[in-house]
Protein chains: 2
Amino acid sequence: MNQRIVILGAGKVGQALVNAMLGTGHALEWYNRSPRQEAMQLAAQYDIPYWSDLKTISKDADLYLLAVADKAIEPVAADLSTLLSSDRLVVHTSGATDAAVLAPYFARYGVFYPLQTFSEERTLNFRAIPICIEAAKEEDLGFLFELGGQISDQVQELSSAQRRWLHVAAVLVNNFVNQLYTEAYDLLDNQGIPFSLLLPLIRETSERLSPDQNPAHWQTGPAMRADTPTLEAHLALIKDDPSLQEVYRLLSQRIQFKKGHE
Amino acid sequence: MNQRIVILGAGKVGQALVNAMLGTGHALEWYNRSPRQEAMQLAAQYDIPYWSDLKTISKDADLYLLAVADKAIEPVAADLSTLLSSDRLVVHTSGATDAAVLAPYFARYGVFYPLQTFSEERTLNFRAIPICIEAAKEEDLGFLFELGGQISDQVQELSSAQRRWLHVAAVLVNNFVNQLYTEAYDLLDNQGIPFSLLLPLIRETSERLSPDQNPAHWQTGPAMRADTPTLEAHLALIKDDPSLQEVYRLLSQRIQFKKGHE
């Protein structure tokens with residue numbers, strides 16, 4: 001059944017959600033505190049009402065989606081609560097924020113969190129992006145599940161506590177992995193070696209993973225083999241960067257520790 | 001022009017090289033100290049002579065490829081040197097070993113290093129695997145370039161010093177990245193959260209990279225934003241694992257350090 005959905009926020013996540021929901025048949029409405037060129041164009045193209053004044057949004061929509069920066073969630077919810085009845089369904093889209101920050105303002109609150117890193121340069125297939133949902137009222141879960149399933153192949157109910165763990169894990173596999181890519185790029189760049197040599201290895205390392213297998217299964221290399229001469233040669237090579245040495249030592253220790261506990 | 005190539009070693013790298021060279025028209029010969037079932041089947045299927053006694057290999061081949069474990073390179077080269085004239089071209093396939101370990105035994109030595117992680121479970125497209133070459137004699141580079149180009153789309157001349165750096169970088173983006181995947185898997189597993197939720201993020205993080213762009217370009221997350229409350233919440237969450245906390249602290253510092261120097 002078609003619903004009325006107000007999306008608040010026209011940053012990367014807001015834009016991705018609006019794009020993903022264009023084909024669902026729901027009646028969309030869009031709010032952003034400031035006018036944003038690309039969002040307004042998208043809204044105009046698909047006849048989506050776009051507001052810059054919070055007071056003008058519909059007061060009786062079926063869902064309010066807060067796609068705003070983490071620190072704006074509570075202030076925007078507080079503003080919203082002066083306009084809406086407290087039994088409206090209001091969810092945020094943050095991986096790092098407890099659902100309960102909405103509790104002082106609304107009885108029917110929850111989370112609709114698309115787990116991905118969004119950028120304006122990359123067009124992602126939204127169906128591949130998992131949606132993690134949570135609802136304070138059991139009876140709101142069904143609608144969030146259904147909406148999630150309309151735009152994504154993977155919808156998962158998670159508690160706020162579980163979402164916190166998922167967010168730490170996402171930092172490990174996205175921010176920290178990207179940092180290791182950066183370290184590798186810089187090392188090669190300093191030696192005049194093209195980074196393109198590493199790309200097939202980088203991609204194979206991620207592509208070989210599967211949902212039900214611990215990545216430890218694939219571990220190889222000097223730490224795994226306890227190949228001390230190679231470990232020491234590597235540490236000697238990066239001796240001018242003691243903090244990178246420390247990263248090297250720690251991750252090598254963790255590889256050996258996990259190996260000992262498999 | 002077709003050449004005679006003896007591949008020594010029937011482990012993962014040796015098998016991958018033989019498979020890749022099947023279509024090149026070169027006359028292959030294969031040696032492994034012990035009989036290996038899958039290698040012998042492959043050899044039989046393609047009429048490749050397969051020897052378990054080093055003395056039986058051809059003494060006048062155009063190239064001897066040492067696809068053996070790092071620590072076996074020098075002993076096998078020493079054994080070979082008792083059989084071959086010292087002007088035979090002998091190369092090893094190791095990322096972590098200087099070409100010069102072959103110098104005491106052969107005048108024409110070098111390296112033919114396919115940069116990838118090989119496993120028996122994954123069939124890789126060898127053309128996507130970069131080959132790094134090195135030759136003591138300038139005049140041998142042409143043949144190694146040509147052979148590399150017959151089986152791979154990317155052939156790069158690197159000195160042994162450069163290859164050492166490449167090998168450290170490969171440990172960062174393969175072993176250490178895989179360790180971060182493992183840490184994430186274990187954190188989620190402990191909380192009953194399916195790892196499948198992270199796979200799209202993991203793949204996007206590697207797929208968005210390009211040869212000429214520093215991965216720092218893509219960095220996001222709490223460390224990049226200097227979002228101290230989130231960093232502290234994450235550290236508190238993993239408080240039972242001080243060494244993982246240390247990994248978290250160090251990599252967050254390095255993200256912030258690099259950001260300051262862009």
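**Entry 1: Gln179(A).** I looked up Gln179(A) and found it in helix 5 of chain A, residues 160-190, where helices are DSSP runs of H or I with at least four residues, numbered from the N terminus. Gln179(A) is buried, with a relative accessible area of 2%; buried means under 20% relative accessible area, exposed over 50%, and partly exposed in between, with a 1.4 Å probe and protein chains only. Setting aside neighbours within four places in sequence, I listed its contacts as Gln219(B), Leu251(B), Arg254(B), Ile255(B) and Lys258(B), contact being heavy atoms within 4.5 Å.

**Entry 2: the model.** I noted that this is a predicted model in which local features need pLDDT of at least 70 and side-chain atom pairs count only at pLDDT 80 or more, while totals for chains, interfaces and linings use all residues. Residues are numbered from 1 along each chain as its sequence is written, chains are lettered from A and ligands numbered from 1 in the order in which they are written, and side-chain values use heavy atoms, with hydrogens and water left out. Chain A averages a pLDDT of 95, and 99% of the residues score at least 70; pLDDT is the predictor's confidence in each residue, from 0 to 100. For the complex, the predictor gives an ipTM of 0.93 and a pTM of 0.93.

**Entry 3: the two chains.** The same surface serves both copies, since 100% of the contact residues of chain B recur in chain A.

**Entry 4: helix 5 of chain B.** I followed this helix over residues 160-190 and saw that 27 of its 31 residues are buried. A kink of about 30° is centred on Val171(B), the bend at a residue being the angle between axes fitted to the seven residues ending there and the seven starting there. After the helix comes Gly192(B), whose phi is positive, near 70°.

**Entry 5: Thr205(B).** I located Thr205(B) in helix 6 of chain B, residues 199-207, and it counts as buried at 0% relative accessibility. Not counting residues up to four places away in sequence, Thr205(B) touches Val173(A), Asn174(A), Val177(A), Asn178(A) and Tyr181(A).

Note on methods: Helices (H or I, at least four residues) and strands (E, at least two) are DSSP runs, numbered from the N terminus. The expected span of a helix is 1.5 Å times one less than its number of residues.
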